[in-house]
Structures are given as structure tokens and as C-alpha cells.
Amino acid sequence: MKPYTQLSKEELKALKSDLEKQFKEVKKKGLKLDMSRGKPSKAQLDLSNGMMDVLTSDSDLVSSDGVDCRNYGVMEGISEARKLLADMSEVPERNILIYGNSSLSVMFDTVSRAMTHGIMGNTPWCKLDKVKFLCPVPGYDRHFAITEYFGIEMINVPLLPTGPDMDMVEKLVSQDASIKGIWCVPKYSNPTGISYSDETVRRFARLKPAAKDFRIFWDNA
């Protein structure tokens, strides 16, 4: 089929009529489809039913360091939750912070504060002529929506079976100080499902970015 831009007015009208007929036929089927991605099935949700019965009015709701978990929390998060996530993330507990929201909200807030207040004394991004982010592709559209929202220029980096093309990443971040970050889903990357290799992770740790406020957004959610 020719591209739409190469079709005549009559051809476009005929195509529109045909598509409308197909649409009406689909509507007659009365389908009710949930097209949202990553939504657990009822069977998956049922796996956590036991958790609903754990807490009662007689439960001990004070954490190991004396915080009443029914009240406002502390900055670093509940100690038991930090220990759990430390084991899962294979990092020391002191390196874990537990926020009260999803990772996307935390990342949005981090980018927002970088825009308005800067990072560790550096110039706020909103005062710079250009701000860029590296975006491994295929990648997570919700990440890209954050940078798009703030008008940040997105640079595509191929996602290989071992992770982002690190030759390209190393070259770009070392030469361009306007590159302030990179989106990463290191485990079971969305949408491909690949996990970064050990060597890729080591190369990330050894990056020498031109920007002092360059940050790796490492989304292990």
C-alpha cells in the first residue's frame, strides 16, 4: 500500500469508507477489551490475598527502630522495608530509601527539582539553553513522557541484548555537558525483558560524564 501522503483525494475517501465499514463490523461484536499493558490478571492478584489478613487491630505496628507505622514515616522509610528491598536489590540497607509512592512519581519529582533547583549546587536545568537525556530504545514510554513533559531533548541509544550500547553512551556523555541523564531499566527491561550484563553495569559505574550533574535513572521497579 502506498503511503497516505501519496494517495489522491478519491483514494483517501475510498480508504476512509472501507475503514469505517470495518470499524462498524468490529463494533457489532460488542467486545470489551482492556488494552492496558502490564496489568496483572485476577489469578495473579489472588496470590496476595493472604496479605489482606495479616494486620488486625491487635497487630504490633511499631517498627524495629520504634516508629509507629500508623503515623507519618521517617525520611529513610520503614527499616524492615529497607532491609527487604536491600536483600532484593543486593545492596547495603543504608543505601535504600523507601518513598511512599511509585518509582515513576519519584523520578518525575527528581527531574522536576533538577529543573527548578538544580542538583547539588549546579545550575537549575530550566536556566540552561539545552538539556538532553539518553533514551535506550526500545524503552519505557512512561520514562520518555517525563522528559517530553519538561521539554528535554531525547537522544536514542540502541538497546542491545546486554543493555544500552555502552560505546555510544560513553562517547556521548563524555563529550556533551548538556546531557544530564539516562533512563535505565536494568532488570527485565520494558518492553524487551532483557537484563543488563555485569560488564554493562560496570561500564555505567565507570562513566566520566562532562556534566557534573549527570545522573543515571536506574529504575528497578
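**Reading a predicted fold, step by step**

Modeller: Let us start with M120, which has a relative accessibility of 75% and therefore counts as exposed. Keep in mind as we go that this is a predicted model.

Biologist: Where is M120 placed?

Modeller: M120 sits in the loop between α4 and β1.

Biologist: Is E90 buried or exposed?

Modeller: E90 counts as exposed, because its relative accessibility is 67% and the cut-off for exposed is over 50%. Look for E90 in the loop between α3 (79–89) and α4 (103–117).

Biologist: What about peptide bonds? Which residues does a cis peptide bond join?

Modeller: Again, the general idea: most peptide bonds are trans. Here V137 and P138 are joined by a cis bond, with omega at about 5 degrees. P138 belongs to the loop between β1 and α5 (141–149). The bond from N190 to P191 is cis too, and its omega is near 10 degrees. You will find P191 in the loop between β4 and α7.

Biologist: Now helices. Which residues of helix α6 are buried?

Modeller: Helix α6 spans residues 166–175, and its M166, V169 and V173 are buried. These residues lie on the same side of α6, because they cover an arc of only 55 degrees around the axis.

Biologist: What covers the buried residues of α6?

Modeller: The cover includes strands β1 (132–137), β2 (153–160), β3 (163–164) and β4 (179–184), along with helix α7 (198–205).

Biologist: Which residue caps the N-terminal end of α6?

Modeller: D165 does: one of its side-chain oxygens is 3.2 Å from the backbone nitrogen of D167.

Biologist: How should I read the sheet? In what order do its strands stand?

Modeller: Follow the neighbours across it. The 5 strands make an open sheet in the order β3-β2-β1-β4-β5, with mixed pairing. At the edges are β3 and β5; each has a single partner strand, so one side of each has no neighbour in the sheet.

Biologist: How does β4 pair with β1?

Modeller: β4 and β1 are parallel, with 3 bridges between them. On to strand β5 (residues 215–218), which runs parallel to β4 and is joined to β4 by 4 bridges. There, I182 is opposite I216 of β5, and C184 is opposite W218 of β5.

Biologist: How many residues of β4 are buried?

Modeller: 6 of its 6 residues are buried, so β4 is largely enclosed by the rest of the structure.

Biologist: What does a nonpolar core look like here?

Modeller: In soluble globular proteins, nonpolar side chains tend to be buried together. The largest nonpolar core of this model has 16 residues, and those with the most contacts inside it are L134, V169, V173, I182, F204, L207 and F214. Two or more of its residues come from each of β2, α6 and β4. A separate core has 15 residues, including V111, V131, I152 and W183.

Biologist: Which residues is L207 in contact with?

Modeller: Setting aside neighbours within four places in sequence, L207 is in contact with M166, V169, E170, V173, F214 and I216.

Note on methods:
Residues are numbered from 1 along each chain as its sequence is written. This is a predicted model: local features need pLDDT of at least 70, side-chain atom pairs count only at pLDDT 80 or more; totals for chains, interfaces and linings use all residues. Side-chain values use heavy atoms; hydrogens and water are left out. Buried means under 20% relative accessible area, exposed over 50%, partly exposed in between (1.4 Å probe, protein chains only). The arc is that of the directions from the helix axis to the C-beta atoms. Contact means heavy atoms within 4.5 Å. A polar contact is a pair of N or O atoms within 3.5 Å; within protein, one must be able to donate a hydrogen and the other to accept it, and residues adjacent in sequence count only if both atoms are side-chain atoms. A nonpolar core is a set of buried Ala, Val, Leu, Ile, Met, Phe, Trp, Tyr and Cys residues joined through side-chain atoms within 4.5 Å. Two strands pair if DSSP finds at least two bridges between them.
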